[in-house]
Amino acid sequence: MKSRATNFLLILPGAAWLGVFLLLPCSLVLAYAFMTRGVYGGVVPTFSLDNFVRVFDAVYIEIFLTSARIALLAALVSLVIGYPAAYAISRLPGTWQLPALFFVILPFWSNYLIRTYAWIVLLNRTGVINEGLRGLGIIDAPLDILYTESAIVVGLVYNYLPFVILSVFSSIQRLNPEVLEASEDLGAAPWRTFLRVTLPLTMPGVVAGGVFVFVLSIGNFITPNLLGGGQVKMVGNVIYDQFTSARDWPFGAALSLSLIAIMMVLLVIQTTLSHRIRKIEKVEA
Amino acid sequence: MRRNSLPLTLHLLLTFLFLYGPIVVLVVLSFNASGLPTVWGGFSLKWYATLFANKKMLYPTLNTVVVATVATLVATVFGTLLAMGIERMRPSAKIDAILFMPMIIPDIVFAVALLGFYTAIKFTLGLHSIIIAHIVFCIAFVCAVVRTRLNGFDHALVEASIDLGASRLTTFRRVTLPIIAPGVVAGAMISFTLSFDEFVIAFFTAGPSSSSQTLPMLIYSMIRFGVTPEINALGTCIIGFSFLLVLLAQRFNRQGTN
C-alpha cells in the first residue's frame, strides 16, 4: 500500500535516531548494571547482581531517602505557593489570564544555570538576603542557608513552580461553573465550596503538578550540585561520581536504573489516578 | 465575574516577586560599579566591557550557536516528519512512552548512558557528539508540539488537494505545511532554547578537548569558581537573549493563528 510506504518513510529518520541514540544507550546502561567493574575502571562482562545489592547499602539508602525528602518538600512547597497563585489567575479578568500565564512561564525559558546562580547571589553569607537582613538589624550573624537542603528546595521550587501553576490552572479551567454555582445556591459558604467542591475536582491537576515536580527534582543534578555545594548529595550527584571520579560504571548504571524505577512507579500511579478520577467525573456527569 | 480577595491578589503579587526577584537582582548587580552585592557604586558598564574583552568567551559562544543551530535544524525536520507519520497511524501507548522518555529521563542518566554508548563503539567525542545527543531530546519536543497542531487537522483537505490533481509534494507545501507551520516554528524555537542552555549532557559528551566547550559549560566552571560581577553581566545577556527569542516566537505564533 502506498500510504503505508509513505508512513514508513516519514517515521524512519526520527525513529532511527531515537532508536540508535536513545534506546540503544539506555539498553546498554541496563546491561552494564548487571556486569562487574574492571580493575582499572571499565566494564567486565561477567554477570553479577552485586551492584543492586550495593544500592541497598545503608549509605545509598540514606542518599535515596534524602533525595526523596528534598523532592517531596519541593513538590509540597510548589503546590502551597502554586495552587493559590493558579486560583488567583483563574479569577483574573479574562484578558489578563493569558498574559499572567505567559509571565509565569517566561523565567523558565532562561538558562537553568543562571537562574540557579541567582540564588547563590541571594543566599550566600555576604549575599543580598544576609546583608539586607543585617542592615535592617534583624540578624547579627549571617544565616547559613546556602549549601543546605533548604537552599536546594528553594532552587527546585523556583525552577519548577511554573509547571505546577500551569497544571493546576488547566484543571481549574476544566471545572464546570454550574457545579460551583449549585454549591453556592444551596447555601454553602465560599470556603466550603472551595474545600468540598473546587479542591477535590482539581485534584488531577494537583497530583500531576506535584508528581511532575517530584520526578524532576529527585533526578536533578545541577541544583544540588550548585546550591548544595557538595555538602548535600542527591542520587544524581552519586551517579555523576560513579561515572567520573569513582570510575565504577556498573554501579552508576544500577543507581540510574533504581532512580528511573522510582520515577516510573510514581508516573504510573499518577496516570492511573487521573484516569480513575476522570472516569468518576464522567459517571457523575 | 468572581473577584479575587485581597489576600489572594497579594499572594499572586508575591509569587511574581519570587519568580522575578532573583532575575531583577542579577540584572541590577550587573550594572553596579562596585561589583559588590550590597554596595551601590553607581551605574557602570564596566563588567560588560570585561566580559566582552575576555577571549575565553568567544569559542564557547560560537560552539553553542553551532550546536543549537544544527541540532534545531535536524530535529525540526525529523520531528515534524515523525509527528506527521505518527498522527496517520493508530494511537499507541508504547510509541507515546518512547517519545515522552527524552523529556522525563533525568539528564544525568541520559548523559552517562550516551557516554557509555559512545565509549563502547569507540566514537570520537567533540561538538558532533553533543549535537547528536541534543537532537534526541529536540526531536521529542518538536514532535510533541507538531502533534498537538496536527490533532485537529482535517485530512479531507489533503484528499481534496490530491483529487484536484496536486502532487503529494505540492499538497504538502501548499496545504499541510501552512497549517502546521506555527507548530513547527514553535518546536524549532523550543529546541534552540533547550539546546542553547543544555549543560549536563554536553558536559559528558564533549570529550576531553577544551575546543568543544559550550557556553553553559563555561558558565558552570565560572560559577564553581565563585560569585563574580562578570557572571552577572553574562547572565543578564543570556536572559535578555532568551526573553527576546520567546517574545519573537510568541508574535509569530499569534500571526499563525490569526
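Figure 1. Chain B has an average pLDDT of 89, and 97% of its residues score at least 70. Within chain B, confidence is highest in helix 9 (residues 200-205), at a mean of 96, and lowest in helix 11, at 83. Where pLDDT is low, predicted coordinates should not be read in detail. For the model, the scores are ipTM 0.90 and pTM 0.91. The secondary structure of chain B consists of 11 helices and 0 strands. Along the principal axes, the C-alpha atoms of chain B fill a box of roughly 70 × 65 × 30 Å. Of its 258 residues, 42% count as buried. Among contacts in chain B between residues at least 6 apart in sequence, 80% join residues at least 24 apart.

**Figure 2. The contact between chain A and chain B.** Chain A contributes 61 residues to this contact, and chain B contributes 65 residues. On the side of chain B that touches chain A, at least two residues each come from helix 1 (6-30), helix 3 (58-87), helix 4 (93-104), helix 5 (107-120), helix 6 (127-151), helix 8 (168-197), helix 10 (215-225) and helix 11 (229-257) of chain B. Helix 1 of chain B gives the most to this side, with 13 residues. Sorted by class, the side of chain B that touches chain A holds 49 nonpolar, 11 polar and 5 charged residues.

**Figure 3. Helix 6 of chain B and the residue B:Ile130 within it.** Helix 6 of chain B has 25 residues and spans 36 Å from its first C-alpha to its last, close to the 36 Å expected at 1.5 Å a residue. Because 19 of its 25 residues are buried, helix 6 of chain B is largely enclosed by the rest of the structure. B:Ile130 has 30 C-beta neighbours inside 10 Å and therefore counts as buried, the cut-off being 20 or more. Not counting residues up to four places away in sequence, B:Ile130 touches B:Val67, B:Ala202, B:Thr205, B:Ala206, B:Ser212 and B:Thr214. B:Pro7, by contrast, lies 123 residues from B:Ile130 in sequence and 48 Å from it in space, C-alpha to C-alpha.

**Figure 4. Spans of chain B annotated in UniProt.** An unreviewed UniProt entry places the feature "domain: ABC transmembrane type-1" at residues 61-249 of chain B. The end C-alpha atoms of residues 61-249 of chain B lie 22 Å apart, and the span is 81% helix and 0% strand. For "transmembrane region", UniProt (unreviewed entry) lists residues 12-31, 65-86, 98-121, 127-146, 175-194 and 231-252 of chain B. One of these, residues 127-146, is 100% helix and 0% strand, with its end C-alpha atoms 28 Å apart. For residues 98-121 of chain B, the end C-alpha atoms lie 23 Å apart, and the span is 88% helix and 0% strand.

**Figure 5. The hairpin of chain A and the annotated domain of this chain.** Strand 1 (residues 36-38) and strand 2 (residues 41-44) of chain A run antiparallel and are joined by 3 bridges. The hairpin connects strand 1 to strand 2 of chain A through 2 residues. A:Thr36 stands opposite A:Val44, which belongs to strand 2 of chain A. The UniProt annotation "domain: ABC transmembrane type-1" (unreviewed entry) covers residues 64-270 of chain A. The end C-alpha atoms of residues 64-270 of chain A lie 21 Å apart, and the span is 76% helix and 0% strand.

Technical notes:
Residues numbered from 1 in each chain as written. Chains lettered and ligands numbered in written order. Predicted model: local features only at pLDDT ≥ 70, side-chain atom pairs only at ≥ 80, totals over all residues. Contact = placed C-beta atoms within 7 Å. Helix = DSSP H or I, 4+ residues; strand = E, 2+ residues; numbered from the N terminus. Nonpolar A, V, L, I, M, F, W, Y, C, P; charged D, E, K, R; others polar. Expected span 1.5 Å × (residues − 1). Buried ≥ 20, exposed ≤ 12 C-beta atoms within 10 Å, placed from the backbone. UniProt positions renumbered as here; feature names shortened; annotations may be inferred. pLDDT = per-residue confidence, 0-100. Pairing = 2+ DSSP bridges.
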